[in-house]
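The structure is shown first.

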Amino acid sequence: SSAFCRLGARGQPRQRPRRRQAQPERAGKAMALAGPVPHLMIPGPPSGAAPLERQHLGQPPSETSPRGRTGEAPPHTLQRLSTLARSATPVVAAATGVGFVLGFRSSVRPHRRSGQHTRRQRQKLARATAADAATMEKVDEDTATPQEVAPTSGDEAAELDILQFDSAVYFVEEEEGTMKLDVIRMGRMQGTISVDYNTEDGSAVAGMRYESVSGTLTFEPGEVFKTIEIPLIVIEQWDTTLEFKIRLTNPQNCELGRYLYLSRVKVIGPLFFPSRRYQEEMTEYGSTSEGFQKAGISGLDLFYEYCKLNLTVPGIKDKSIGVLIIDQLNNLYFLLTTYVVQYAADSVLGNADPKTLLIPNEKEETLILLAFIYLVPFAVLNLLDIWKAQQKVAEESRAALQQQIFRKFLNFDEISRAGVSSSDLGLSMISDADDIVSSGFMNVFELLKQLGKLLVSLFFIQQENPDTLPPTLLVAVAIAIFIASNYETSADLREEVSDRQARIVDVAQEASGKISLIGDYKVRPLMEDTLAKRIAALNEASLPVSTTQVNNDYFPSWLSNLLVAGYLALGGQAVLDGTTQIGTFLATVNIFKGISDTFKDIFTASLELSKATGPICKLTELLNRKTNLRAQKKINRARRQRTKLERSPDNLAVLRRTSGQRFGTDAILIKLDNLSFAYPNDAPKVKNVSVSCSQGSLVAVCGPRRGGKSTLIKLLGQVLDPTEGEIFMPSYLRILHVSASPIILEGSMWRNLTIGSINYWRDPEFESLRAIKICKRLGLSERFMAILERTRERFLAGEEDEEDDDTKDWRNFLSISDVMLVHLARAFIYNPEILVMNRPTSQLPESLASEVFGMLREFVDNRGIELPKESASKRRPRTAFISFARAGGVLNSDVVWVVDNSTVREAAKEEISALLVA
């Protein structure tokens, strides 16, 4: 009231003493605590001020105050009082806030046309406003009481809250049945806000692995998080880890986080490939060739389980049934044609009564009818076989298996990944997958087709010439015995050939990847000798396979030919004796010839399966290697739970007061609690480490050689999982590990620079220009920059893969420094909240290293590189853990962690010597 009394006749404020001028922030705070404005009016605006309009104080017009959402503002209500406060003087702002809270009649009167406010109503309003203010003080992480740290600017009250997911990636095992994930709120926590959400298919498809969900989340004042539940569909068969996405859209009275408006959910499948049938044996003996032998699991056992698994691939089962039906129709056609030939010879061309013909007394017409019966089914089968070839059963089965191999490999832990060479992975995806599908799964159809043909042949013999059935069955038994006795031998010989082929591929890949070293040390003859020896070993292993193949081909042919020859001698005698008609004899010879071919085909198909049994054992070992998914799920769940506790309303208020941070959530510490790690059968590399740092710090990790620096960097970067203890980082912070060895991908410059980050681009024009600026600042060559700028528009149009001769070989002209700079540029463009780098300047000259140090400093201080400074307050703090190779990097840091003898301690920068850095 005293402030109002000091206003002049024209509404102009009088000058306060100078010591009282720093008050607008408290005035703005008082306005924010006042809550929604009732229908009040002030005697008149100051001279030169904008007309007054009604609005919730301290909030944009679209936001909802803690007192609830209001309707459209009538034209006679108050104007923007916060604008008045800023445009007039701090005194007006303070007086306005105090006037609203106290409800003085002398300064603020009810608007007559809006209804009278009695004294009791004004007292009730004042009590409600005070209660709201107390509630806000408790739950608002971005609001300080007059005794706390004041807001950074008068505009802060009008900024929107932020909604985003609490993790970039979620992990769930399908047995859990439901995935629960949280959307978190950051900001002032005032007003009601909302956001829509929906799931999107990835490798996991809605209706098969999860149920699609969508809806709207509404946050009431003070609510810190909301939970979304996504039902999972439990399947019995094995599958690799599949993913789907969930997206936030349509924010109301708020804005979405820059990155985590989109998140991924990894659905972890069952452990044991190809099924759970042998999980006990594999758990006890392991998923290796030796373990399979000890457990009594054969390659055929595993192949049978794979066939059942493959039938669960979408579309494969129905198509497989169609293929089987068409194959058996071919067998029925074979039986039909045999009977047609017999009938023509015995009845039409023989001495049968003409009245018994299909067309009585008309032999010529009957022969034409038989020709029609012979040809029409053949034409139908031709069309059906064309349809069968277009079903792509083999192609889709092979593609599904190759995708499963690749997805599994991508989720291996570091130890499993180190145990699989690139040649092993390549042969598994190309050769082994093809053998399992083509020689295995598709060969089952051929085997069943030939068995069906054998059955219809035996049916004919039983009906027309039963005396020849016993020798036919005897031949079938002999072939079955031969297959059983030679099956394992043939499979072992083929597997030996496959292993020696892989060793040749190893030599070729090593020579291709290390050709400069081979040339520098003049060891080309040595590599040639190595290749020659491995080729000779392959030829040696191939010789028994070729010899065995010839014997396998001739054995069934000998038996079937003996059968035909015996029937020609004995069956022909029956024709001469008149006991067998000539048509039956010819038909039986045709059947025996068909049986001869069938026996050979059955034998060949059975041995062909041996090409699949070796690869299925190798693939079972590969696909049952350990992944880090369940460990990552455990870490992710623990971090999310701890983050939720750290972000409780009470704790956020405390963090805000004690840290002076604008967002209390940014003051949550990053902690290593009793952290330990040891490789299998090795001493701990890191043991019982407990240190912490603030978000927004540049942490230098240094120490002597073999002290554990690289291990700690990998632990911080989530490359390794702790053996004991935990690393706590708020779950909504994205973590990026940048290895010491630079990596360049196949494809264009833009694909290399934007991998991972382009998924979050909402303004491609700005983001692409930002990428160019980062590359230019890092000092990439003029040629590189020219190509990058020239191809930007094509990249934004989605045509970056159509490279011309000038750009497709861009990797060839990169120097060692340029390769490292591309490696670093990719990380800066990605802009993670937690950046973990191992020796980023080790391959750079001093001048470029200094630029990298400066950009790392900007990354932390500006919360990203080449991003607007005015919006830095909306971004989360950037924290960098860097293992520096130069003392300059350590001196540029905020915190120094010394790693030595499996321990980590914080040290002053002055203590660090060049020896420790090296």
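## Nonpolar cores

A nonpolar core is a set of buried Ala, Val, Leu, Ile, Met, Phe, Trp, Tyr and Cys residues joined through side-chain atoms within 4.5 Å; buried means under 20% relative accessible area, exposed over 50% and partly exposed in between, with a 1.4 Å probe and protein chains only. This is a predicted model, in which local features need pLDDT of at least 70 and side-chain atom pairs count only at pLDDT 80 or more, while totals for chains, interfaces and linings use all residues. Residues are numbered from 1 along each chain as its sequence is written, and side-chain values use heavy atoms, with hydrogens and water left out.

The largest nonpolar core holds 65 residues, and L302, Y306, L401, I405 and I616 have the most contacts inside it. Among the elements that give it two or more residues are helix 8 (299–310), helix 11 (393–410) and helix 18 (610–623); helices (H or I, at least four residues) and strands (E, at least two) are DSSP runs numbered from the N terminus. Helix 13 provides the largest share, 12 residues. Beyond its neighbours within four places in sequence, I616 is in contact (heavy atoms within 4.5 Å) with F273, G299, L302, F303, Y306 and I436. A second, separate core has 52 residues, including W761, L778, L788 and M820.

An open sheet of 3 strands runs in the order 13-12-15 with antiparallel pairing; two strands pair if DSSP finds at least two bridges between them. Strand 13 (684–693) and strand 15 (724–728) are at the edges with a single partner strand each, so one side of each lacks a neighbour in the sheet. Strand 12 (residues 670–678) pairs with strand 15 over 4 bridges, and D673 stands opposite E726 in strand 15.

Two helices pack on this sheet. Helix 19 (residues 629–646) touches strand 12 and strand 15, its direction making about 55° with that of strand 15. Helix 21 (residues 709–716) touches strand 12, strand 13 and strand 15, and its direction makes about 120° with that of strand 12. Axes are lines fitted to C-alpha atoms, for helices over the stretch in contact, and angles run from 0 to 180 degrees between N-to-C directions.

## Q695

Q695 is in the loop between strand 13 and strand 14 (698–702) and is buried, with a relative accessible area of 5%. A polar atom of its side chain lies 3.2 Å from the backbone oxygen of T665, and one lies 2.9 Å from the backbone oxygen of I668. Not counting residues up to four places away in sequence, Q695 touches residues including D666, I670, P730, Y732 and P877.

Conventions: A polar contact is a pair of N or O atoms within 3.5 Å; within protein, one must be able to donate a hydrogen and the other to accept it, and residues adjacent in sequence count only if both atoms are side-chain atoms.
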